[in-house]
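User: Please take a close look at one helix packing contact in this model. Then place it among the parts around it.

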Amino acid sequence: MTEAADTGAYAGKQADRSVPLSRGLSAKLLLLTIAFVLFAEVLFFLPSIATFRLRWLEERLATAAAVATILVQGDPTSLSRAAQNDVLAAIGAKAIAVRDGGVSRLLVVADMPPEVDEHIDIAKSGVLGSMPDAIDTLLFGGNRMLRVYGRVGESAKEFELVIPDYRLHRAMLANARYIVFVSLLISLFTAALVYAAIDRIMIKPIRAMTRSMLTFSDAPDDPTGVIVPESRSDEIGLAERELAAMQMHLQKMLHEQKHLADLGLAVSKINHDMRNILASAQLMSDRLRMVKDPAVQAFAPKLLRTLDRAVAYSENVLSYGRAQEPAPARRRLRLSQLVDDVHGLLGLEPESGIEFFNAVDTEFEIEADPDQLFRVLTNLCRNAVQAMAGAADSAIVNRLTVYAEREGSVSRILVADTGPGLPQKARENLFAAFRGSARSGGTGLGLAIAYELVRAHGGSLELVESAGGRTVFAVTIPDQPVRLDEARQGMRRPA
């Protein structure tokens with residue numbers, strides 16, 4: 001059942017990683033382009049159909065004016081009924097009249113309608129104002145009677161025309177069909193051009209980035225899965241370059257994590273035997289206490305403390321690679337003695353040419369986990385010793401100094417050496433495992449571990465100075481805040 005469920009979940013995941021064509025960006029882009037162009041054509045259609053209606057009426061009124069001018073020069077009553085009907089039929093009107101000097105004359109008339117549905121003043125009819133009437137005629141016209149009037153050309157006379165709107169209605173329908181047909185063609189042609197352009201400029205690069213991300217997620221350690229950016233200066237080119245940089249950065253991080261995992265696996269195999277060896281060393285060291293030699297009595301406690309720390313380290317050796325460091329068990333301790341223990345662990349011989357100065361006041365106290373602070377100072381001091389160990393000239397001063405200062409409730413420990421300073425690459429990747437090493441072949445784990453331990457104390461580890469002849473690291477640790485309830489309980493205790 002579990003295997004079947006996992007298979008189904010994997011199949012569903014694979015299906016989610018492929019986008020159907022109908023829901024892809026290309027289809028959406030094509031549909032949106034057609035919709036937007038059609039919307040623009042609709043906005044164009046309204047003034048277009050209103051203009052067509054005005055021009056149609058103006059043409060009919062101009063024809064009626066020409067006929068009226070001829071009739072005014074002659075005798076309109078001389079026309080027979082049949083001739084009047086032919087003239088009106090040619091124009092498609094019911095009556096033609098002219099107004100001159102405030103006097104209106106009916107020149108030609110056929111079957112005069114009992115009423116007129118709409119009066120249209122050509123001179124006062126604009127495109128925007130006539131759009132509602134044009135839409136009304138297009139949708140509901142065909143059986144109305146119109147009175148159209150106004151001046152034509154330079155004539156001072158005002159001509160009138162009574163005409164049914166069924167021919168206008170048919171002409172507007174034909175014009176509307178033509179506009180819709182042309183709009184569809186323009187929409188499809190424009191959408192095809194926009195689609196081809198944007199597909200080439202945007203969609204294809206986005207598909208390439210999507211394929212690269214999917215391929216990279218399947219095999220993050222495969223270098224061929226990293227996208228090859230195009231030489232573009234726009235946003236797509238920037239996205240491709242950033243994606244390539246991110247993929248290479250992730251590959252590097254995965255390689256480092258794999259290195260850590262392999263290191264943890266190797267150490268875990270020897271962890272058990274190492275603890276047995278250290279336990280045996282502890283038993284033998286305990287017997288040294290019974291030796292009466294003053295020299296043995298002097299170094300035996302230091303040896304026992306070192307072995308105790310080594311046992312603790314072996315038990316938590318995988319904490320960096322697989323888990324977090326344990327929370328610090330903070331105690332108030334004398335820092336000067338802890339620095340002496342660090343000095344003893346370094347094992348500096350006189351012939352090494354390296355001087356160690358413990359400049360911490362013997363009464364200086366700090367609240368910290370003794371084992372973790374010991375590890376921090378050991379890592380910093382060991383790095384300083386390794387940096388100064390390569391100096392072959394006996395005239396060069398190689399000095400390692402540890403001193404401390406306090407400001408209010410904050411303690412600051414400074415580790416200064418007279419070494420050559422950190423290289424630029426080490427300063428750029430400071431406190432980063434496998435990248436912040438100052439020497440060839442180093443892992444940079446020492447500073448990374450020290451940084452993590454100091455942060456767990458609520459403090460900070462920073463590089464104060466790094467130049468030729470002087471390098472200073474500062475460990476800043478604040479005291480633990482006093483809880484009000486604990487302070488009150490301490491005040492209530494009897495003396």
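Analyst: Start at the contact itself. From helix 4, Ala134, Thr137 and Leu138 meet Leu168, His169, Met172, Leu173 and Ala176 of helix 5. Contact here means heavy atoms within 4.5 Å. By class, the residues of this contact are six nonpolar, two polar and no charged. Ala, Val, Leu, Ile, Met, Phe, Trp, Tyr, Cys and Pro count as nonpolar; Asp, Glu, Lys and Arg count as charged; the others, Gly among them, count as polar.

This is a predicted model: local features need pLDDT of at least 70, side-chain atom pairs count only at pLDDT 80 or more, and totals for chains, interfaces and linings use all residues. Residues are numbered from 1 along each chain as its sequence is written, and side-chain values use heavy atoms, with hydrogens and water left out.

Now the geometry. Two packed helices are described by the angle between their axes and the distance between the axes. Helix 4 (residues 131–140) packs on helix 5 at about 95°, with the axes 9 Å apart. Axes are lines fitted to C-alpha atoms, for helices over the stretch in contact, and angles run from 0 to 180 degrees between N-to-C directions. The two helices are therefore roughly perpendicular, a label for angles of 65 to 115 degrees. Helices (H or I, at least four residues) and strands (E, at least two) are DSSP runs, numbered from the N terminus.

Helix 5 covers residues 166–218 and includes threonine 210. Threonine 210 is partly exposed, at 35% relative accessible area. Buried means under 20%, exposed over 50%, and partly exposed in between (1.4 Å probe, protein chains only). Isoleucine 227 is 17 residues from threonine 210 in sequence, and their C-alpha atoms are 9.8 Å apart.

Next, the strands. Strand 4 (residues 145–151) and strand 5 (residues 158–164) run antiparallel, joined by seven bridges. Arginine 151 stands opposite glutamate 158 of strand 5. Strands pair if DSSP finds at least two bridges between them. Both strands belong to an open sheet of five, ordered 2-1-5-4-3 with mixed pairing. Strand 2 (103–109) and strand 3 (118–121) are at the edges; each has a single partner strand, so one side of each lacks a neighbour in the sheet. Neighbouring strands of this sheet are turned by 20° against each other on average, direction ignored.

Conventions:
Angles under 35 degrees count as roughly parallel, over 145 as roughly antiparallel, 65 to 115 as roughly perpendicular and the rest as oblique.
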